[in-house]
Structures are given as structure tokens and as C-alpha cells.
Amino acid sequence: LGDVYKRQQIESVRGWVYHHFGSYSDSTTYKLEPLYMSDLVYEIQTGFVMSHQPGWNLVGIPHLVDDFNYESIYPDANPGTLYGFSGTYDQESFLEPGNGYWINFPSDGFNVIDGEPINEITIALEAGWNLISGIFASIDIGNIIDNNSIVVSGSIYGFEGTYYSSTSIDPGKGYWVRTTSSGDIIISSSSRRVITVSYTHL
């Protein structure tokens with residue numbers, strides 16, 4: 001899952017620290033000393049951390065960023081490996097909020113993005129399978145607003161080396177979802193409505 005990553009300037013700190021002298025197995029070699037501001041170094045840096053695994057990952061963008069080019073968001077990704085899906089796979093250069101994408105990485109790691117968190121998004125879906133992504137917060141699938149009952153029960157899948165049936169839409173991740181017909185769903189941090197479904201089918 002993605003995590004909020006923050007380091008901020010601290011103007012005042014009070015407390016005590018233990019300094020260790022000698023062997024870690026000897027508990028008597030610790031000394032209690034005052035903590036001073038001169039002992040600390042901080043810098044201001046905020047962002048959202050999106051982790052990834054080596055190989056293929058399903059991803060999405062949960063923030064409004066300055067540059068939606070995948071090379072800016074995922075500079076460590078293998079070049080030319082961002083793919084969207086609209087009935088068939090399409091090679092892409094830019095990410096769009098609400099859409100899910102495949103992307104390939106040479107190794108595991110993480111990416112920090114800055115931007116305005118997306119609190120709510122309306123996603124237009126086609127009949128059949130769709131790749132989607134969510135907002136800045138993790139949302140239980142029961143809280144997705146599906147007014148026309150187009151989402152097939154049990155058809156939301158994430159991917160982490162293998163597919164798994166997901167119970168939530170997590171920020172920074174992409175998901176497969178199957179629908180009975182075209183229509184819109186809404187993912188919102190304030191939604192409280194339960195998905196109504198018609199049948200389960202893979």
C-alpha cells in the first residue's frame with residue numbers, strides 16, 4: 001500500500017536520549033544525556049509513497065500531479081512498458097486518474113509523488129473487463145457507488161505477482177473489474193453506499 005511520507009522542520013524538541021557505549025549485549029553501557037536541537041537535522045519534504053515489485057505491476061495515480069507522464073511518476077520503470085486497457089491493450093505515455101495500468105519495473109522499490117489528493121472520482125466503464133484505480137484513500141468495495149448495479153459480484157481483482165480477489169481499492173494500485181453493461185461508478189472518500197450486483201462470473 002501507499003504511505004504518506006513526511007519530513008518537516010521542527011523548531012523545538014525537549015527530551016532525553018540514550019547514548020550507547022560498548023557492546024550491544026551489555027545493557028549497562030547506555031548513558032542518559034539531554035537532547036539538543038543541534039543534534040538533529042531535518043528537511044521539509046512531503047509526498048505519497050507508492051511501492052512496487054519487480055516485473056509487472058497494476059498501478060494508478062491517486063493525486064493530481066504537475067506531470068502525468070509515466071517517466072516523471074515512475075522514473076525507474078522499464079521504458080515503454082506502460083499499458084492501458086480499453087478492450088485491447090494500448091501502450092500509453094500518460095496516466096489518467098481513475099484508470100488502471102500495467103507497468104514493468106526492473107526491481108522492487110518505491111516512488112514518491114507530490115500533488116493534490118483526489119477525494120472523489122467518477123469512472124466510466126465499458127461492458128466487460130475494465131482496468132481502474134481509486135483515490136488517495138483506501139476504499140472498501142462495499143462503499144463504491146454503483147447506482148445502476150453494473151459491477152459483477154466478486155469481480156474486482158488486484159495483482160501482486162499473482163491475481164487476488166480484492167476487498168478494497170487502495171491508492172496507487174490498479175484493479176480489474178467486470179461489468180454487465182457500460183455505465184459510471186463513483187469512488188469517494190465520503191461514500192457510504194453498497195455495491196449491488198447481479199451475478200458472479202470470471
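The legends below go with a set of close-up views of a predicted model.

Residue numbers start at 1 in each chain and follow the sequence as written. Since this is a predicted model, local features need pLDDT of at least 70 and side-chain atom pairs count only at pLDDT 80 or more, while totals for chains, interfaces and linings use all residues, and side-chain values rest on heavy atoms, with hydrogens and water left out.

**View 1**
Of its 202 residues, 38% are buried (under 20% relative accessible area, with exposed over 50% and partly exposed in between; 1.4 Å probe, protein chains only). Take the contacts (heavy atoms within 4.5 Å) with a separation of 6 or more: 72% of them join residues 24 or more positions apart. The accessible surface comes to about 11,500 Å², and carbon and sulfur atoms hold 50% of that (Shrake-Rupley method, 1.4 Å probe; for residues, only the protein chains shown count as cover).

**View 1. The largest nonpolar core and its isoleucines.**
Sixteen is the count here: the largest nonpolar core has 16 residues, and Ile123, Leu125, Ile132, Ile169, Ile185 and Ile187 have the most contacts inside it. (A nonpolar core is a set of buried Ala, Val, Leu, Ile, Met, Phe, Trp, Tyr and Cys residues joined through side-chain atoms within 4.5 Å.) Strands β12 (120-125), β18 (174-179) and β19 (183-188) each put in at least two residues, with β12 giving the largest share, three residues. Zoom in on Ile185 and, leaving aside residues up to four places away in sequence, you'll find it touching Ile121, Thr122, Ile123, Leu125, Ile132, Ile144, Ile145, Asp146, Ile150 and Val151. Another core, of 15 residues, lies apart from this one and includes Ile61, Val65, Leu82 and Tyr101. As a general rule, nonpolar side chains in soluble globular proteins tend to be buried together.

(On a 1 Å grid over the protein atoms alone, a cavity is a set of points where a 1.4 Å probe fits but cannot get out; a pocket is an open set with protein on both sides within 12 Å along at least five of seven lines; lining residues have an atom within 4 Å of a point. Points are joined across faces, edges and corners, and volume is the space filled by probe spheres set on them.) Its lining is Met50, Ser51, His52, Val59, Tyr74, Phe105, Asn111, Gly172 and Lys173. Strand β4 (residues 45-52) supplies the largest share, three residues.

**View 2. The largest pocket.**
This pocket has a volume of about 290 Å³. It has 19 lining residues, and Phe85, Ser86, Asn99, Asn130 and Leu131 are the closest to its centre. Strands β7 (83-85), β12 and β13 (128-133) each give two or more residues to the lining, and β13 gives the most, with four.

**View 3. Two residues in the loop between β14 and β15.**
Ile141 sits in the loop between β14 (139-140) and β15 (157-159). Is Ile141 buried or partly exposed? Partly exposed, because its relative accessibility is 23%. Its C-alpha lies 9.0 Å from that of Ile187, 46 residues away in sequence. Ser149 is in the loop between β14 and β15 too, and has a positive phi of about 55 degrees although it is not a glycine. With a relative accessible area of 26%, Ser149 is partly exposed.
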